[in-house]
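I opened the model today to look up a few things. The entries below are kept in the order in which I went through them.

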Amino acid sequence: MQTGVVGAGSIDAYDKNLIRRHELTRPDKETDRVRQILAVNAQTGPVLAIHRSDHDLNAVTEEVTSRDPDYSVVGAGGVLHTLWMVSMTSQIKRITAGFQRLEIIYIADGHHRIEALSKFAEFKKHQNPNHTGKEAYNYFMVAIFPKSQARILDYNRLIKDLYGYSPKDFIKQIKKNFFIEKKNSPFKPSESRSFGMYLDKNWYSIKLKKNPEQNLFS
C-alpha cells in the first residue's frame, strides 16, 4: 500500500526549481500536451512526485487515514484506490507547513506533463491583462509520496522488428556504443546506464561506453 497527498502544486515553484526534474523533455511531446490542455481546458492527469520523509507529514497522514475513507474504488488490475478528503483547517495547515519545511520535492513521473503546464500557464498569463498569479492555470494536480513508499519498477521495451538486421548484425551495431556480455540466465541491471537484453533466445548485459552528454550517437 502507498499513501500520499494529492493536491495543487504551484507552477511558479516548478519554474523556480523547487519542484525538481531529473530528465529532459522532448519539444514535440511538450507541444502535443499543450495542444491537449488547450483543447479540453483541463489537466487530465496528475504529476507524480516524491519527497524526503517528514515525521509530522507522516503523522497527519496517519490521522487522516485512520477514519473511514470518503471514496474507495477498485481500478484496473484489481488495484484498490482509496481517497480521504482533508477538510480540517488544522490538518491542512500542518500539511502546508510540512511541505514548506521540505522546500524541495522531486518529480518521479510526469516531466512532459508539467513542462507543458508551465508553457500553458505562460500562454494564459500573456492572454490575461489582469493576471494576478492566483488563477487556476498557475497550479497543477500533483500526487506526492514519501520516498520510503516509492518503488521503481522495471521499464521494459519490446522491439518486434529488427528492420532487416540479423541478430548477429544487430549485436554488431550495439557493440559500437555498448559493452555487451552474453548471460546464462535472465539479467537485471543493478547500476545506471546498464540494461538487460533478450535477443534470439539469449540474455545479454549491455552497458553504455560513454555518457549520453558526450554526443554518443554523432
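What follows are my entries on a pocket, some salt bridges, a surface patch, backbone angles and contacts across the chain.

**Entry 1. The model**

I note at the start that this is a predicted model.

**Entry 2. The second largest pocket**

I looked up the second largest pocket and read a volume of about 1,800 Å³. I then asked how many residues line the second largest pocket, and which lie nearest its centre. The lining has 38 residues, and those nearest the centre are Tyr155, Arg157, Ser194, Phe195 and Gly196.

I wrote down the elements that supply at least two residues each: α6 (167-174), β9 (194-199) and β10 (202-208). I also sorted the lining by class, which came to 22 nonpolar, 8 polar and 8 charged residues.

**Entry 3. Salt bridges**

I found 14 salt bridges listed for the structure. I looked up three of them one by one.

The pair I took up to begin with was Lys119 and Glu30, whose closest N and O atoms are 3.2 Å apart. Lys119 sits in helix α5 (residues 111-127) and Glu30 in helix α2 (residues 27-40), so this bridge ties together parts that are 89 residues apart in sequence. Are the two partners buried or exposed? Lys119 counts as partly exposed because its relative accessibility is 38%. Glu30 is buried, since its relative accessible area is 8%, and the cut-off for buried is under 20%.

I checked whether other residues join in, and found a network of salt bridges that links Arg21, Glu30, Glu115 and Lys119.

I then turned to Asp56 and Arg94, which form a salt bridge with the closest N and O atoms 2.9 Å apart. Asp56 belongs to helix α3 (residues 55-65) and Arg94 to helix α4 (residues 89-102); the pair links distant parts of the chain, 38 residues apart. I read a relative accessible area of 26% for Asp56, which is partly exposed. Arg94, at 24% relative accessibility, also counts as partly exposed.

The last pair I looked up was Lys188 and Asp154, where the side chains meet in a salt bridge at 3.5 Å, N to O. Lys188 is in the loop between β8 (178-183) and β9, and Asp154 is in the loop between β7 (139-146) and α6, so the bridge ties together parts that are 34 residues apart in sequence. Lys188 counts as exposed, because its relative accessibility is 59% and the cut-off for exposed is over 50%.

**Entry 4. A nonpolar patch**

I asked which residues make the nonpolar surface patch of about 310 Å². They are Tyr71, Leu83 and Met85. I followed up on Leu83, which is found in strand β5 (residues 80-83). Leu83 has a relative accessible area of 37% and is partly exposed.

**Entry 5. Positive phi angles**

Asp200 has a positive phi of about 50 degrees and is not a glycine. Lys201 is a residue other than glycine too, and its phi is near 65 degrees.

Where do they sit? Asp200 lies in the loop between β9 and β10, and Lys201 has its place in the loop between β9 and β10 as well. I checked accessibility for each. Asp200 counts as exposed at 54% relative accessibility, and Lys201 counts as exposed at 73%.

**Entry 6. Contacts across the chain**

I looked up His51 and Lys147, which are 96 residues apart in sequence, and found 5.7 Å between them in space, C-alpha to C-alpha. His51 lies in strand β3 (residues 47-51). His51 is buried, with a relative accessible area of 5%.

I did likewise for Phe179 and Leu208, which are 29 residues apart along the chain, and read a C-alpha separation of 6.4 Å. Phe179 has its place in strand β8. Is Phe179 buried or exposed? At 52% relative accessibility, Phe179 counts as exposed, the cut-off being over 50%.

Conventions. Residues are numbered from 1 along each chain as its sequence is written. This is a predicted model: local features need pLDDT of at least 70, side-chain atom pairs count only at pLDDT 80 or more; totals for chains, interfaces and linings use all residues. Side-chain values use heavy atoms; hydrogens and water are left out. On a 1 Å grid over the protein atoms alone, a cavity is a set of points where a 1.4 Å probe fits but cannot get out, and a pocket is an open set with protein on both sides within 12 Å along at least five of seven lines; lining residues have an atom within 4 Å of a point. Grid points are joined across faces, edges and corners, and a volume is the space filled by probe spheres set on the points. Helices (H or I, at least four residues) and strands (E, at least two) are DSSP runs, numbered from the N terminus. Ala, Val, Leu, Ile, Met, Phe, Trp, Tyr, Cys and Pro count as nonpolar, Asp, Glu, Lys and Arg as charged, and the others, Gly among them, as polar. A salt bridge is a side-chain nitrogen of Lys or Arg within 4 Å of a carboxyl oxygen of Asp or Glu. Buried means under 20% relative accessible area, exposed over 50%, partly exposed in between (1.4 Å probe, protein chains only). Patches are made of residues with over 30% relative accessible area and no salt bridge: like charges are joined within 9 Å, nonpolar side chains (Val, Leu, Ile, Met, Phe, Trp, Tyr) within 5 Å. Accessible areas come from the Shrake-Rupley method with a 1.4 Å probe; for residues, only the protein chains shown count as cover.
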